Amino acid sequence: MSKIYHVTFSILQKIMLVLSLHWLFTAIGFGVYLAYLNSLALIIFGIVAVFAVHYRIQLKKCYQFLMRHKLAIAFAALLFQLIMLLSAELLIRRDAAVVFTGAFKYLKESSISSYLTRNPNNLPLFLYERFFFNLFGEAALWIMQGLNLFYVNIAAWILYKGCQRYFSQTVADVTFTLYVALVGFSPYYMSMYTDIPPLPLISLQIFLTLGLLKNQEKTRQIIGRSLLLGILTSLAFLIRPTVMILMIAVFGVLFLRKNWKKFFLTAAVFGLSFSAAYLPLHYGLAHQTEVPIIKGEGLAKGPLLFINLGLTNIGHDQEDMKEGLLQYVDPDKRDDYNNGMFATENVIKEIKRRLKEYTPLTFLQHLYYKQSLTVAEGNLGWLYRSVEHEKTPYISPLYESTKDNAFTQFIRDFFLNSDKDSYRYYSLLKQVVWIIMALGLVFALWKYRPDDSLNFLILAVFGGLLFLQIFEGGKTRYLIQFLPQILILSAVGLTQYPLDLNRMKFWKK
């Protein structure tokens, strides 16, 4: 390995160690805050923690038993997901609700046309939902919810099988456990947005790239993997462009390794297959006839706008962003929805203004605060609230049949409505898992190791965090698109430095 490889990843490892320590302490701090809000929850979790330490051997045996019965865990997660779906009042919210109601023709065509003109990044989601609506009518809602169930659960098995092959059985078990605890036992799949559908594709991406990093790969295998990776990435890119960060990471590792034959062969085949698969999809988007898209300068949100949005105090303050841009718009047109405020010229002016208002110290404070908001919440930023607090709610068609049922009301209060006090028990439980996951990141990054697979994961996680610092960030939900690499890296750390409490003097009698 070249000297520049070691220097680069040694520096990156130290940067990521600092970020992971901040992640851990932020997660602990948020957990303390949740416990403070509910003293009963604090007492319960305190008792559970004492019992867990005292019966740690039995707890380990229980974990090993569960790992021998993963199908039962998967079935329990599926059952939990179905109960959430059947009990929900608010089924879809905010942007996802606008796209859904537009795709199902509940909105006027002019309304969804104006929305997609402003938010072209949601056009693929709209066409996906309109496709199913055209085929199945209103029953398409449940078909797509079924597909979301498939996406969220198949990703768990892809991660498990991939870690079995490229790492170890213990890493596979821990990755499966973290994923199911954080994502499987979660209602996030039903939100009908683009967070969950790409997870299986991202997981496959990771393991295809790990295969490419193997030194013993033959030319035919490299070509085959690169070809498949290009096609897979083109599909994922349509949903979440951030999947390209994984490609930057793997090419970065190959470049620094100075493995020129593999680097150029992989890049060439990947580029050709990606282009061959993506260009027809892009052409189809550009020439779709399901909804008219208004053409004009400053009507659509472009990439620069999300840099501007990221410069707001919390990293995602839409109102502050719009107020800043409206100062460049003719006062007579400010009340118009499509008033041209997103013109590149206006966005550049606003970015310069915001940067000028920061001092080096306040900019660092902004980055720190934004990063803290990004990594804080173990419930992945779930924000479903009582319907009266929502701007664009889509109520579940099943709610009329379940609204007076005591069990479904219990489910809504404890697992779905984040503005209820009782929701904090569930949120605190997720926070414990989040803290353990963050601890695994610290362990994985505690020392530098010249391992291509590990360095690829570190670079991929760093790329995701950097993206959220440069562009719109400040919500833990935005980490869902990077969870596969985060969870694998954490699992590597947790299995490399197992906590043997019997060796700690504190616990000795």
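Reply: A helix here is a DSSP run of H or I with at least four residues, and helices are numbered from the N terminus. The model is predicted.

Helix α7 covers residues 123-136 and holds both Phe132 and Phe136, which are 4 residues apart, about one turn of the helix. An α-helix has 3.6 residues a turn, so residues three or four places apart point the same way. A search of the whole structure gives 40 aromatic pairs. Phe132 and Phe136 form one that is stacked, with 6.4 Å from centre to centre and 20 degrees between the planes. The angle counts as stacked because planes under 30 degrees apart are classed that way. The two rings can also be described by their accessibility. Phe132 counts as buried because its relative accessibility is 13%, and Phe136 counts as partly exposed because its value is 43%.

Aromatic residues also gather elsewhere in the chain. One aromatic cluster is formed by Phe237, Phe251, Phe255, Trp260, Phe263, Phe264, Phe270, Phe274 and Tyr278. Phe51 lies in helix α2, residues 39-54, and counts as partly exposed because its relative accessibility is 49%. Together with Ile43, Ile47, Val50 and Tyr55, Phe51 makes a nonpolar surface patch of about 500 Å².

Helix α11 can be treated in the same manner. Its 21 residues, 219-239, should span 30 Å at 1.5 Å a residue, and the end C-alpha atoms are 31 Å apart, which agrees. The buried residues of α11 are Ile222, Arg225, Ser226, Leu229, Gly230, Leu232, Thr233, Ser234 and Ala236. Their cover includes α8 (140-166), α10 (199-212), α12 (244-256) and α13 (260-286).

Arg225, in helix α11, counts as buried because its relative accessibility is 15%. Leaving aside neighbours within four places in sequence, Arg225 is in contact with Arg165, Tyr166, Phe207, Leu208, Gly211, Leu212 and Glu217. Leu459 is 234 residues from Arg225 in sequence, and their C-alpha atoms are 20 Å apart.

Asn148 belongs to helix α8. Asn148 counts as buried because its relative accessibility is 3%. Not counting residues up to four places away in sequence, Asn148 touches Tyr189, Met192, Ile196 and Pro197.

Note on methods:
Residues are numbered from 1 along each chain as its sequence is written. This is a predicted model: local features need pLDDT of at least 70, side-chain atom pairs count only at pLDDT 80 or more; totals for chains, interfaces and linings use all residues. Side-chain values use heavy atoms; hydrogens and water are left out. Patches are made of residues with over 30% relative accessible area and no salt bridge: like charges are joined within 9 Å, nonpolar side chains (Val, Leu, Ile, Met, Phe, Trp, Tyr) within 5 Å. Accessible areas come from the Shrake-Rupley method with a 1.4 Å probe; for residues, only the protein chains shown count as cover. A salt bridge is a side-chain nitrogen of Lys or Arg within 4 Å of a carboxyl oxygen of Asp or Glu. Helices (H or I, at least four residues) and strands (E, at least two) are DSSP runs, numbered from the N terminus. Buried means under 20% relative accessible area, exposed over 50%, partly exposed in between (1.4 Å probe, protein chains only). The expected span of a helix is 1.5 Å times one less than its number of residues. Contact means heavy atoms within 4.5 Å. Rings of Phe, Tyr and Trp (its six-membered ring) pair if their centres lie within 6.5 Å; planes under 30 degrees apart count as stacked, over 60 as edge-to-face and the rest as tilted.
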